[in-house]
Amino acid sequence: MANKYEIINTQSEEERMKLLVKKNNAGKLVEFAKNLLFDKKITVTCKCAISLISLLEQQDLVKQVTTELITALNTFVSSAPVGSLQEISQHFLDVIMKSNNSCGKSFEVLGQVLNCLEACRQTVSCDGEEFTGPEYRSHLINKICSVRWPQNNILHIGQMFQDITVSQSEMAFFIEKICSSLSLVKFDVVPQIVHLLLLSAAKGHHKKVVFELTSNFNDMEEKEQNDQEEMKRDVESERSQAEGTSLLHISFAVKHDLELGKAINQHIKSSKKLTPFTLGLGLSLTQHDRFSEQVLSCLKGGVSRALRGSKLWAASKFIHGVVDESKEVKQLLEVVLRKSNNGWDYVTEGLIKLGFILLDSSGSESDVGVFILEECYKLHVHCRSSVMTDLLHRIVTSSPLTSGTLHSLLLARISRRSVQLLLSQSNMLKDNLSNVPMIPLKNARCVLRAVVPVMRYDTSLRDAAILTFRKTLFSKNPDNRRIAVFGLTEMMKKFKVGDNYSQSSQLSCSQVQVHLMVTDDINEAVCTEILLLLKRGLTQQGSVRSDIYNRLASILRSNSKLYPMILQLLEERLVAVTEQDPGILPPIKLGNCIAVLPDQSVLREPVMDLLRATFTCCALVKPREQDDVMKLDELLTSVTLRSTKCDLEDWDLDKGAEFSNTGVGSRNLVTALSLTAILEVLLENELNSGKGTTESGERFKKLFRSMYSVQEILSEKQGGGRGKKSKTTLSHFSLEAVDMLLDYLIVNDMTEHEEFVGNLKTVTNLLTWTLGLLSDHLKKIISDDEEEDNKNQVYTLGSITKSLLCHLSRDKSLFREQAASLLDKSIRVVNSSHMDKLEEYCETSTGSSEITGLRDKITPLFNKAVIAEDFTEAQHLLSAMDVLYSMCESQSSLEDILLKLLDNPSLTSGFSKDVVSILLSSLRRSSDKLDIQLALARDILAEMGDIETEDEDSMIDEVKYKLVSENSAGKLLSVLLTSVDSVLSDIEWGIQQGKSGDDQSDLLCQYLMQVATVLSVCLTCKSPHSSSTTDLLSRTTKKFYNTFTLQIKRESSHNHGILKSLEKLAKLVGTSTNQKLYSFLIYLEQPLAENIGTAQNAATIRKQAVSVPGLIYAVEQCERNLIILSKKTKTDLMEHFKRSPARDFKVNMKVLEEKFTKVEEDGEDTEKPKKKRKRGKNKENDD
């Protein structure tokens, strides 16, 4: 013992322990530490303990030694006096506050100190106050959680809190503190901290942990976006890995703690906006069957809200002040998809589930689903099989009424992105190939476009496809046959033959070997076999033959070396349906092409499609191989010349015969329709190959007159009147030919074709017919989303727009209204289907790639039409301007134009409605004031009259805008109420999704005050009782009170005092809107009370029996919540609200039904004698 005391006296304990560590003498170090701590004769044991703790913090000791020393310290602490506990705890607090870079192993001792203080009943002096052991412990915990924690010790401090018992408030404080420290630690420590938080959540803090975790991860995400340029890729990867591991911990924790899963689900449901981590958190939860359906439903709702928020953000200036701008949904998903390939592996399955749920939806959600699944298929190899299985299952089980088209388009997009992606699923495609002919035709075409490119690399899939199509080509269902034709022709486009292809190849029924690897020879054999099948298909129905003919030209464009076989096939068919003798009229055996059935006649051979295919294929081959098409060219020329010499009688077409869909008249109808299509094809060929000569112009005139005569007969027989085109079939005159014809008739900048153009301009009704064809083509483009053969569509539309602009720019030009309407439709087609090619469209139409060039071309035309008071033309041009200005950042110039029109009293009611509607939509995007709406409401009131004032002399005489007239007031009131409804939707969104704070609440109240002022004026207008405007006014008023109620609830949930703006809003509603509403209700009651027994008011009463009580209920709920807020804030918000007898009623439906029954019976009694008298009168007349 003497030696030990001598050591202590001559050398400090800390230096002695350091010396032992330096000599790596672990055994003596532990023995020395125990002797110091448990020797009762030494009075400095507390100091020794602190020295030992410091040693543990600073030195990297062997794990076994560290464990033994901590055990010894814990044993010492458990029996240490309260003074020693205070000194040790103060030492730890100093370590934390000084942010020493200690290893943190000694914090286990601090946990033991805190546990001992909990059981201690002695008093402790600290900071001039006396504490008991538990009180001092709480004081110490608060201090620990109030200071900044050293980065290296955050995890150890967190682990220490798990070993001690704390109160609910202390645990909440700890959770908030450690979550805020997530951004301070290294990425590899984050999952460990998340694990600690999940342990804390199990103690009853599920919602707190979920909220704090998501909030801090979202804050870290925003910071990463701001520092994205400075952040290196490896750092981003480490962060993503840490987040992925954290999501994995959370998912595993949900398996053992269902309350945690419920808290996550509730948090996602209540989140105002989606973030990458929130989305990832929800997707990881979809692994659990108990929560999968609920979470996916919440995520779908979140996506829908995000899409709606983006739409409202673009449509409303007011939203910008109360709601934070959020990421576009696709940008958000791009982040999640990128991370799913870098650490977030656990969310991939959930992403696929969400993608299919959105794909099965409608609208914008389905586009998001397509995006998710396409990216998942590209990024995750292990998920491709499951995606393809579900996708093919949906395609096969889809119907024309479902979203099967989207599934087929998704498959086509995957194939278009990379054929190699689909190659790994070739066996799956092969298994489902036999089901393709059973699905709707439109969907089958999309599927085949996706699958056929894979056949080039998979011979088994190719062989299975040929076998399937061969069987399907002779199916009982004509649509199945058409699917087989499409598949075979798609294969011919992809299996290209080489330059060494023998041009002397002839079609025969000889066997060809196709079951070999892909080579030029094999491709030639495949194409030959397919052509043999198609040749057999030409013995089928007219629709099947038409598909074959229409696909031959596209085959030749893709696989030009097949022209000998294709031309041979066309020549055989053409010779069979035409008269070879040039002296015989008509040149086409049209009678042989029509099959007469017992109940109707059908077109068996679509000659018009055969002629079009022949013309097109010859034009494609002629520049290279002119000799090979000479015979066909001569035959086509002979057919065209002889057709110009034919009268209607030559075609066996009798004007006086019957034209109908059944019976005898069906043959005449089919003949007339076929002849019209044939002549249209010949007309288009004259435009394409006539070379603009005088002879070509004469032939065109004769063909057009014949064709137009047939169309007039069809129109008269079908009740359309003379000059109206029959709508029985679509025109065979292509959009490109329409463009060329408009260019000749309007632009005419080709001097070498002056004579040809002159001949065209002398043709009566040619321009009318051309504009009608253009209208039909644009309708077809809008309704049909086929992606085939539309590569040049944007250029064609641009050229047509150029011609229409040229036509409208000329004074006294005919058909201006129709041209303006077609211009509007063309722009809308580009806006909806070809926004990615907008610059090309503008360049073609105006010579400038900027949208402003086209806009500046149309604006003068609009002003010119308004000055000329041609308001129908102006209406169409205004619609086009609205689309163009919506693509521009600033719309101030459009607003200036429309504001000037408000002072024009000569506008028609329809045009006035469009002007006000577009103006209010534009103002909603650019301003958060409702001054113009209020002025319009007052003007409408002046024209319609005041329900509270019967004296006309007391009405408002002066109006601000002369556009409002007695005829247009009712329509303008509907437009104004629709605009107010949109504004209320903005306010409702701002209340639900907006930022918290007095400034935002003040903005919401001020905007509601503007709406209340406008609505008060509208409620006073004397609109007809049974009109739709009255119902719209009731619905809008109800929506206003519901929105006001939401704002009141928002204020009730906050702890601050009442806002002055809310007091003003309550006063305005109470003194103005409420009183006007009661007058409006009384106004609605008056005629109904007077004429309750009449049948004409029955429908109106039934409507109001639902709408009026709903409106009153909305008012009562608003007042109820005002009373609750008044009690909470001790402010009388109901001071200006007065109850009216107009709302103290209940509709007795039983009495009403009795009245209605009586009215109906009376009506029947009065109608029956009238019918008898009428029959008697007729009988007398017959006599």
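Start with helix H25, residues 441–455: 14 of its 15 residues are buried, so the rest of the structure largely encloses H25. Buried means under 20% relative accessible area, exposed over 50%, and partly exposed in between (1.4 Å probe, protein chains only). Helices (H or I, at least four residues) and strands (E, at least two) are DSSP runs, numbered from the N terminus.

A word on what you're looking at: this is a predicted model, where local features need pLDDT of at least 70, side-chain atom pairs count only at pLDDT 80 or more, and totals for chains, interfaces and linings use all residues. Residues are numbered from 1 along each chain as its sequence is written, and side-chain values use heavy atoms, with hydrogens and water left out.

Stay on H25 and click arginine 449: the helix bends there by about 25 degrees, and proline 453 follows within four residues. That bend is the angle between axes fitted to the seven residues ending there and the seven starting there.

Next, select leucine 585 and proline 586. The peptide bond from one to the other is cis, with omega near -5 degrees. Proline 586 sits in the loop between helix H30 (563–577) and strand S3 (594–596).

Now jump to aspartate 652, in the loop between helix H32 (630–644) and helix H33 (665–689). Its phi is near 60 degrees, positive in a residue other than glycine. Buried or exposed? At 65% relative accessibility, aspartate 652 counts as exposed.

Last stop: glutamate 869, in the loop between helix H41 (851–867) and helix H42 (871–886). Glutamate 869 is not a glycine, yet has a positive phi of about 60 degrees. With 49% relative accessibility, glutamate 869 counts as partly exposed.

Notes
The expected span of a helix is 1.5 Å times one less than its number of residues.
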